[in-house]
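Please keep the sequence and the structure in view while going through the numbered points.

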Amino acid sequence: MIDIENELFTYIKPFVPATFSAEFIREPASFPFVSMMVKDNTFVNPDNSGTEKFCRIMVEFNTYSNKKSGKKQECKKIANSIDEAMTAIGFQRIVYSPTPNIDETIFRLTTRYVGVVDTDKNIYRR
């Protein structure tokens, strides 16, 4: 399996003006908060050898804000920073959507990106 999760986390972190985690955290200690998770890693374009040379990766970001006023705008601003960084390295955004949150005082915005990665960790648009 071609795994670039650590590299992505390290690359994206400087672009995220919020507490940032590579795990889901039910109750973040501080806001704004962003989680990043690789949601899919699928073997693509197999050759006759059966050796994995490319995989399709889907990465999901959830951005949370608990501001009394302007929480949607805060999430959008953070998501835009992530979007610019992800598209700059070849990922394509496939989802940008508000997501209902269990605690309705917290606004949550979900974005997802896909890209094809080779064994040398080069990223290609799908």
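1. A residue is called buried when its relative accessible area is under 20%, exposed when that area is over 50%, and partly exposed in between (1.4 Å probe, protein chains only). By this rule Asp-83 is buried, because its relative accessible area is 14%. The model is predicted, so that local features need pLDDT of at least 70 and side-chain atom pairs count only at pLDDT 80 or more, while totals for chains, interfaces and linings use all residues. Residues are numbered from 1 along each chain as its sequence is written, and side-chain values use heavy atoms, with hydrogens and water left out.

2. Asp-83 is placed in helix 2 (residues 71-88); helices (H or I, at least four residues) and strands (E, at least two) are DSSP runs, numbered from the N terminus. Contact means heavy atoms within 4.5 Å. Not counting residues up to four places away in sequence, Asp-83 touches Arg-93 and Tyr-113.

3. A salt bridge is a side-chain nitrogen of Lys or Arg within 4 Å of a carboxyl oxygen of Asp or Glu. In general, side chains of opposite charge can pair when their charged atoms come close. The side chains of Asp-83 and Arg-93 form such a bridge, at 2.7 Å from N to O. Since Asp-83 lies in helix 2 and Arg-93 in strand 4 (residues 92-98), the pair ties together parts that are ten residues apart in sequence. Arg-93 is partly exposed, with a relative accessible area of 39%.

4. How many salt bridges are there by this rule? The count comes to five. One of them joins the side chains of Lys-121 and Glu-7, at 2.6 Å from N to O. This pair links distant parts of the chain, 114 residues apart: Lys-121 is in the loop between strand 5 and strand 6 (123-124), and Glu-7 is in helix 1. Lys-121 counts as partly exposed at 37% relative accessibility, and Glu-7 counts as partly exposed at 40%.

5. Another salt bridge is formed by the side chains of Glu-60 and Lys-39, at 3.9 Å from N to O. Glu-60 lies in strand 3 and Lys-39 in strand 2, so the pair ties together parts that are 21 residues apart in sequence. Is Glu-60 buried or exposed? Glu-60 is buried, with a relative accessible area of 5%, whereas Lys-39 is partly exposed at 43%.

6. Asp-3 is found in the segment before helix 1 (5-12). Asp-3 is partly exposed, because its relative accessible area is 41%. Leaving aside residues up to four places away in sequence, Asp-3 touches Asn-41 and Lys-121.

7. A nonpolar core is a set of buried Ala, Val, Leu, Ile, Met, Phe, Trp, Tyr and Cys residues joined through side-chain atoms within 4.5 Å. The largest such core has 20 residues, and those with the most contacts inside it are Phe-20, Val-59, Phe-61, Ile-82, Met-86 and Phe-91. At least two residues of this core come from each of helix 1, strand 2 (33-44), strand 3 (54-65), helix 2 and strand 5 (107-118). Beyond its neighbours within four places in sequence, Phe-61 is in contact with several residues, including Ile-12, Phe-20, Val-34, Ile-82 and Leu-109.

8. A disulfide is a pair of cysteine sulfur atoms within 2.5 Å, and the structure holds zero disulfides. Cys-55 counts as buried, at 0% relative accessibility. Cys-75 counts as buried, at 0% relative accessibility.
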